[in-house]
Amino acid sequence: MSEIIVLDLTHAGIVIATKLSELGFSVTAVDVYGTVDEKVLLEMEEIHGIKTSKKPVQIDKHDIVISPAHLDPEYPVLAEARDKEVRIITHHQAVGNILSMMNWPGKGTIIEITGSKAKTSSASLLAEMLSQKMKVVLHTSRGLELWVNGHARVLNLGLSIAPGSILLAVDKLTELDVIADCCIFEVSIGLTGFADIGIITTLEPDYGIAASTSNASDAKIRVLSYAKPQEVFFLNVKDRKAQDMAKEYGKTFFTFGDSEYSGADHNNADVVADIENKNVIFKHQDGTFSSGLSENYNSKSYSTAFAVSAAVALNMGIPEQDIIEVIGSFEGLQGRMQEKELSGRILIDNSNSGMDIRSAERSLDYALNRIEEENSCIIMVLGEEAEQVCEGLPPEQVSEFVMRRSDELSGLILVGERMQNIGNGRFIYAGGLEEGMEIATAIASEKDIILSCVKCFR
């Protein structure tokens, strides 16, 4: 029987360790960050027979070490595993292997999606498109949903998009006896290799992981080296590194392009989505079609999502007219550059788990354009509700942004404990998104624009 060490119980490692134990493996689980309650560790030991530790363990007869892609490679267990040539696999690979061993009846077509940006919006648009012809389960940072005929029903809230959460989502579907024609899973920093279709929305912006010894882009494309042979991939035409690796490993892939990229190979993508005025024009091998766009959100921030969802939907046989209707009726996702009304004021809502400083900058640019139309001022709520959300929002980036652009704001509320030292007390500080929004609403006049850019789970 294989001996397995599972590192990092904070990012859904508990469910990986538990599932492996249920499958008959001998498991040692290490709480690398020391964040797991002692009662939880005791339960793992007493109920599931898993050995647990808050300190690095010695590698003895262990056959495999399972580690998240972002863990420091110098963590003692990983360093020892390399010295002793013990096999190391990622949480993503482990979840893919577990899914292969699980009895999951009626799972249908499995789609996984990762990338630096546009994961949730791409997955949500795709789910609505596919649901015109089939029953679709969608698991994103918004929750676990069932889509039928263009309408969603929430099945569960509170799951993360760490790879191990796929196993929790599958358990919930089994518990509710939900059988779908297709399941779409949003996954952070990589894919499991178990899916029938794998999507990488974009590798940009890239950033360092694993104590800056590697890049997130490398973790996201690693699946191309271990995915099952029949998995089909959809890759951004600008991400040459992903395409080169797909060719190296003989993977079948299609490309998509969007308005954010105008390189020489833009029009050579299998599906291209270009936004012109208030329309999105799609070009593919069988022709061209277009869809009108609502004016209630910043459609340019969804150009990648339009390209991704249309490319996969067309490949899966969804008629052009269904794609046109879904995009034409789309009003933007909550917290994804959605414009709405709040207590008589304009709210530009860009608070979500994937929000980063570049997204905040684009949001401010959009708000400044709206000022020209409304003759108003901007009150910005900026920061993080929890630094664990997709690696948080680095305070140094916020500080640099504030130095450059705070003069363009009539009010700034910084959210989160780590933002307290920015500005030397010149700004208003709030503990969370709700508190920040209450302050912004109180100080904004009815003609002002409130701009919400807080990294949080929604």
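How many bridges join strand E19 to strand E20? I looked this up in a predicted model, where local features need pLDDT of at least 70, side-chain atom pairs count only at pLDDT 80 or more, and totals for chains, interfaces and linings use all residues. Residues are numbered from 1 along each chain as its sequence is written, and side-chain values use heavy atoms, with hydrogens and water left out.

**Entry 1: E19 and E20**

I found five bridges between E19 (residues 338-342) and E20 (residues 345-349), and the two strands run antiparallel. Strands (E, at least two residues) and helices (H or I, at least four) are DSSP runs, numbered from the N terminus. Two strands pair if DSSP finds at least two bridges between them. I noted Glu339 opposite Ile348 in E20. E19 and E20 form a hairpin with two residues between them, and Ser343 in the turn has a positive phi of about 50°.

**Entry 2: Gly383**

I placed Gly383 in strand E21 (residues 378-384). Gly383 counts as buried because its relative accessibility is 0%. Buried means under 20% relative accessible area, exposed over 50%, and partly exposed in between (1.4 Å probe, protein chains only). Leaving out residues up to four places away in sequence, I listed the contacts of Gly383 as Met355, Leu393, Val415, Met419, Cys453, Val454 and Lys455. Contact means heavy atoms within 4.5 Å. The C-alpha atoms of Gly383 and Leu433 are separated by 8.4 Å, and the two residues are 50 apart along the chain.

**Entry 3: helix H4**

I checked H4 (residues 91-101): eight of its 11 residues are buried, so the helix is largely enclosed by the rest of the structure. Among the buried residues are His91, His92 and Gln93. The buried residues of H4 pack against E1 (3-7), H1 (13-22), E4 (64-67), E5 (87-90) and H6 (165-175).
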